[in-house]
Amino acid sequence: MKKKLHQWLSDRYISRVAVFILDLMLVVIAFAFVQLLLVLHSHVYMPLTYVGILLSSIIAIYGLSFAILKSYSGILRHSTFRDISLVFVATSISVVVLSIVNTICDSLYHFFMWTNTHLFVHGAVSFAALFVWRLSIKAFFRFTTTSRQIKEVRVAIYGAGVFGTTTYNVLKNSASPRYRVVAFIDDNHFLKNKSVQNIPVIGGVNDLSSLTSLNVQEVVLAISPKLISRKKKDDIATLLMKQKIVFKVAPETEKWIDGSFDVSQIKKIQIRDLLTRLPIEMNTERIGDGLENRIVMVTGAAGSIGSEIVRQICHFPVARLILIDQAESALYDLQQELKQNKVEVDIVCIVADVSNASRMKMLFSTLHPEVIFHAAAYKHVPLMEENPYEAIRVNVGGCRVLSELSVEYKVRKFVMVSTDKAVNPTNVMGASKRICEMYVQALALKGDHQTSFVTTRFGNVLGSNGSVVPLFEKQIAAGGPITVTDKKITRYFMTIPEACQLVLEAGFMGKGGEIFLFDMGEPVRIYNMAKKMIRLSGLEPYKDIDIEVTGLRDGEKLYEELLANAENTVPTYHEKIMIAKVRTVEYERVASSVVQMLRDLNVVSDLTLVQQMKSLVPEFVSNHSKFCSLDKAMMTNNM
Ligand SMILES: NC(=O)c1ccc[n+]([C@@H]2O[C@H](COP(=O)([O-])OP(=O)(O)OC[C@H]3O[C@@H](n4cnc5c(N)ncnc54)[C@H](O)[C@@H]3O)[C@@H](O)[C@H]2O)c1
């Protein structure tokens, strides 16, 4: 019965207008009460006209202060200290205003109905009534939810600071599900065995084993992502998974509204949360100087990297932002997102193919871009292995068109987005990006122009289009199996925002001609990541979800090259950005090879195209690919 009542009530809310009217009715009842006291106790009889005038003034002034302070706007069953404070302030203001009006009327017109003390008593009775009515509704809802059927979830909060106590209040006030916070966990040893909000602090990460004895079912992480390392989060997750305790995370402060958040924003921790590293320090002043009042063009703007670069650039006062992509629907989605977020930047969306030289020339001559971030590319290794034609046409051809036009139209800055797969490439995709790097660098070193060319190189980003994390998520949702190409395969990961911050930072560093590398942190073993993702979903690897080892794909490496080490890099002022020491090639050589390759596209076979790539990039040795035969033939010729 109680459950049914709760279910029926939980979907129904009293409208704000109704709360406003009910609040005013309580003020009127309080008026009747005080008036009755006056009659019974002091035998004061007021003419009815006076009663009418006084009551109307009280309703008008209380109504006005309720409306201005919106004291009726909170959801009654979730009333908080803030809601009660608003009612208190609104009542106090009404008493003060009425007392002032009363005093003025008395001194000017000797028109006096209640003393100020009566007004004060009325204010106190009104506040008590408003307070008790809110409390009763809240207590009633608590009563209807405390049934045997609606179980309480026993929770511990990781973090006993301000974030932790806010999380405590949110959990405490949640009606469905109901949470009972039984412990705080905090690594600050001064807090151990003390209590916060009357809840014991059991200690830090080393004391997590005691959670089982407290029957804790969930732990909510309430520490800003800026203050907790990847390793620490991973350690906590591992310890909790062993005890079969669900690990959740409270929303970042940026997502709070009015100093709080909703219980629905507390989500199960995801692999992305575990792999996110401490945030990067950005030199926003330098980036701002580079972007301020400039016409900025982003190619591949609808892609994972391009769209995040766009989002980040929107925080700077650019003169205009030109978004170029050939994927119409994805570009439309981005356009809608930017409109919805009301970004205050002049944005032009253009559906175009960057390898189309005449179309690009027209756009350069009419739109006059001054800064370009080039992120348009084909990036999937197995697909490009099947389609060298497209890798050369789009990646190499697109880069050539844009970089040459940048020189012609005196673009100030050209930032090329490259990949770690360009280092000692083992596949067509990586080799095509290495050729782009060589082209851009050779053009930069040629030096007879005003454009500063910069290349940024980094490894996999978490959750980008078609990457491993969304793939595993889909496979888990479908009940498995998860497919891993090799048990030993490892990859470096950074988040998309992190990578794009570094692209912006590196973009405005140095003299031009550099290839900037990003510190990717520690490599992650994909097989272990798959197991962790299954466990984070509350399932068991091999019991609930199988992991299938499918064998390396064409062109795939077992271990990604370590992007940066002391021998192959030069440090910069930014600890996470290094300059690669690479072999440079003369512009004439790289340009003539590229022109030849592009000219041959429609007349020679894939094998010949890849052969041409290998001649320009001698370190390109194919792996698990039909093009391995070319390397064998070259070795035999050299012997
Ligand atoms: N995703 C990663 O993990 C990662 C890591 C390091 C480097 N990168 C590099 O970043 C770049 C972008 O990668 P992404 O992950 O954003 O890929 P993505 O596929 O999400 O985005 C690429 C975008 O380029 C567009 N595009 C492709 N060809 C085009 C053309 N001819 N004209 C206009 N637009 C075109 C696509 O429509 C797409 O929107 C690639 O060069 C990639 O190698 C990506």
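## Aromatic rings in this model

Phe414 and Phe453 are both buried, where buried means under 20% relative accessible area, exposed over 50% and partly exposed in between (1.4 Å probe, protein chains only). This is a predicted model, so to speak of local features takes a pLDDT of at least 70, side-chain atom pairs count only at pLDDT 80 or more, and totals for chains, interfaces and linings use all residues. Residues are numbered from 1 along each chain as its sequence is written, and side-chain values use heavy atoms, with hydrogens and water left out.

Now for the ring pairs: the structure holds 11 aromatic pairs. Rings of Phe, Tyr and Trp (its six-membered ring) pair if their centres lie within 6.5 Å; planes under 30 degrees apart count as stacked, over 60 as edge-to-face and the rest as tilted. Here are two of them.

| Pair | Centre to centre | Angle between planes | Type |
|---|---|---|---|
| Phe414 and Phe453 | 5.4 Å | 55 degrees | tilted |
| Tyr439 and Tyr587 | 5.9 Å | 75 degrees | edge-to-face |

Phe414 sits in strand β12 (residues 413-419) and Phe453 in strand β13 (residues 452-458), 39 residues apart. Tyr439 belongs to helix α15 (residues 428-446) and Tyr587 to helix α19 (residues 587-600), 148 residues apart. Helices (H or I, at least four residues) and strands (E, at least two) are DSSP runs, numbered from the N terminus.

Tyr439 has 2% relative accessibility, so it counts as buried. Tyr587 is buried too, at 14%, and Lys446 lies over its face, 4.2 Å from the ring centre. A charge sits over a ring if NZ of Lys or CZ of Arg is within 6 Å of the ring centre and within 35 degrees of the ring normal.
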